[in-house]
Amino acid sequence: MEWGDNITKIEIDVRGQTCPVPLVECRKALRKASPGDEVVVIGTHQASKKEIPMACESLGLDVLAVEDKGNEWKIRIRR
Amino acid sequence: MEDKDTQVGGDHMGGKAVIVVHSGDMDKIYSALIIGNGALSMGLDSSLYFTFWGLQRLKIGGLEAGPLSKMHMLGLGKWMVKKRMKKANVVSLEKLMQDYKELGGRIIACEMTMEIMGIKKEELCTDWIDEYGAVGTYIHEAKDASITLFI
């Protein structure tokens with residue numbers, strides 16, 4: 001990928017899904033994403049809000065933000 | 001794709017989970033596949049070694065067919081647990097297996113079990129199975145694993 005190419009934003013919605021789906025869907029999206037892409041995961045499963053950033057750390061990826069809205073969370077990751 | 005992954009946030013970031021799946025009980029197959037998927041999701045490799053009662057679950061149509069490890073009650077307990085799992089939005093074992101394979105998880109089938117129980121390759125879901133092996137295969141897989149479990 002060249003600099004200046006479009007950075008894609010990939011959004012995955014795992015609201016209502018439980019263990020291990022949020023983590024697995026996040027990993028699947030990260031595998032498909034290209035370096036530089038932003039993967040946004042939206043969910044409601046509380047343990048995954050902690051565990052997705054743990055997975056990102058283990059994968060060596062940056063978590064850009066973790067936001068809360070009611071019982072929903074949104075995690076932005078740079079691939 | 002694997003190469004790209006290895007460089008940035010991909011597979012083989014260190015660590016491996018190797019699990020012996022000895023039980024064929026439905027709830028324990030859930031444990032094995034959830035842990036395997038969790039390991040893969042966190043950038044580890046994963047191998048599941050299906051042996052004895054566990055191997056029965058690799059038979060065609062067998063994945064969901066196991067009894068509940070406790071309170072099976074001739075299927076009534078399993079039916080109740082499945083109902084509650086559905087309500088809690090827990091995915092099926094088929095879906096967990098699909099995800100596991102998509103994320104590069106390995107499945108090993110125990111050859112001795114096949115011999116003892118008279119199971120032929122044609123009876124197994126061969127598209128899931130990466131290797132047919134014996135104890136040496138397990139030790140070879142597990143000797144550099146950071147996580148190994150017997151379920």
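How many bridges join β1(A) to strand β2 (residues 38-43) of chain A? The count is 6, and the two strands run parallel. This is a predicted model, in which local features need pLDDT of at least 70, side-chain atom pairs count only at pLDDT 80 or more, and totals for chains, interfaces and linings use all residues. Residues are numbered from 1 along each chain as its sequence is written, while chains are lettered from A and ligands numbered from 1 in the order in which they are written. Helices (H or I, at least four residues) and strands (E, at least two) are DSSP runs, numbered from the N terminus. Two strands pair if DSSP finds at least two bridges between them.

**The sheet of chain A**

- Chain A holds an open sheet of 4 strands in the order β1-β2-β4-β3. Its pairing is mixed.
- β1 (9-14) and β3 (62-69) of chain A stand at the edges. Each has a single partner strand, so one side of each is left without a neighbour in the sheet.
- On average, neighbouring strands of this sheet are turned by 15° against each other, direction ignored. Axes here are lines fitted to C-alpha atoms, for helices over the stretch in contact, and angles run from 0 to 180 degrees between N-to-C directions.
- Helix α1 (residues 21-32) of chain A packs on the sheet. The helix touches β1, β2 and β4 (72-78) of chain A, and its direction makes about 160° with that of β1(A).
- Contact between two residues requires their C-beta atoms, placed from the backbone, to lie within 7 Å.
- A:V14 has A:G43 in β2(A) as its bridge partner.

**A cis bond in chain A**

- The peptide bond from A:C19 to A:P20 is cis, with omega near 0°.
- A:P20 sits in the loop between β1 and α1 of chain A.

**Chain B overall**

- Chain B has 7 helices and 5 strands. From the N terminus on, its elements run α-β-α-β-α-α-α-β-α-β-α-β.
- The radius of gyration of chain B is 16 Å, close to the 15 Å that the globule rule gives for 151 residues, so chain B is as compact as a globular protein of that length. That radius is taken over C-alpha atoms, and the rule is 2.2 Å times the number of residues to the power 0.38.
- Along the principal axes, the C-alpha atoms of chain B fill a box of roughly 50 × 40 × 25 Å.
- Of the 151 residues in chain B, 35% are buried. A residue is buried if 20 or more other C-beta atoms lie within 10 Å of its own, exposed if 12 or fewer, and partly exposed in between, with C-beta atoms placed from the backbone.
- Take the contacts in chain B between residues at least 6 apart in sequence: 76% of them join residues at least 24 apart.

- In strand β2 (residues 45-50) of chain B, 6 of the 6 residues are buried, so the strand is largely enclosed by the rest of the structure.
- B:D45, B:S47 and B:Y49 point one way from β2(B), and B:S46, B:L48 and B:F50 the other way.
- Strand β1 (residues 16-21) of chain B pairs with β2(B) in the parallel sense over 6 bridges. B:V20 is the bridge partner of B:Y49.
- The chain crosses from β1(B) through α2(B) to β2(B) in a right-handed β-α-β crossover. Right-handed means that, with the strands pointing away from the viewer, the path from the first strand over the helix to the second runs clockwise.
- Strand β3 (residues 106-110) of chain B is joined to β2(B) by 4 bridges, and the two run parallel. Here B:L48 has B:I107 as its bridge partner.

**Positive phi in chain B**

- B:F52 has phi near 45°, a positive value in a residue other than glycine. B:F52 is found in helix α3 (residues 52-55) of chain B, and is partly exposed with 16 other C-beta atoms within 10 Å.
- B:M73 also has phi near 45°. B:M73 lies in the loop between α3 and α4 (76-87) of chain B, and is exposed with 12 other C-beta atoms within 10 Å.

**Where the chains meet**

- 18 residues of chain B are in contact with 20 residues of chain A.
- α2 (26-41) and α5 (93-102) of chain B each supply at least two residues of the side that touches chain A. α2(B) gives the most, with 5 residues.
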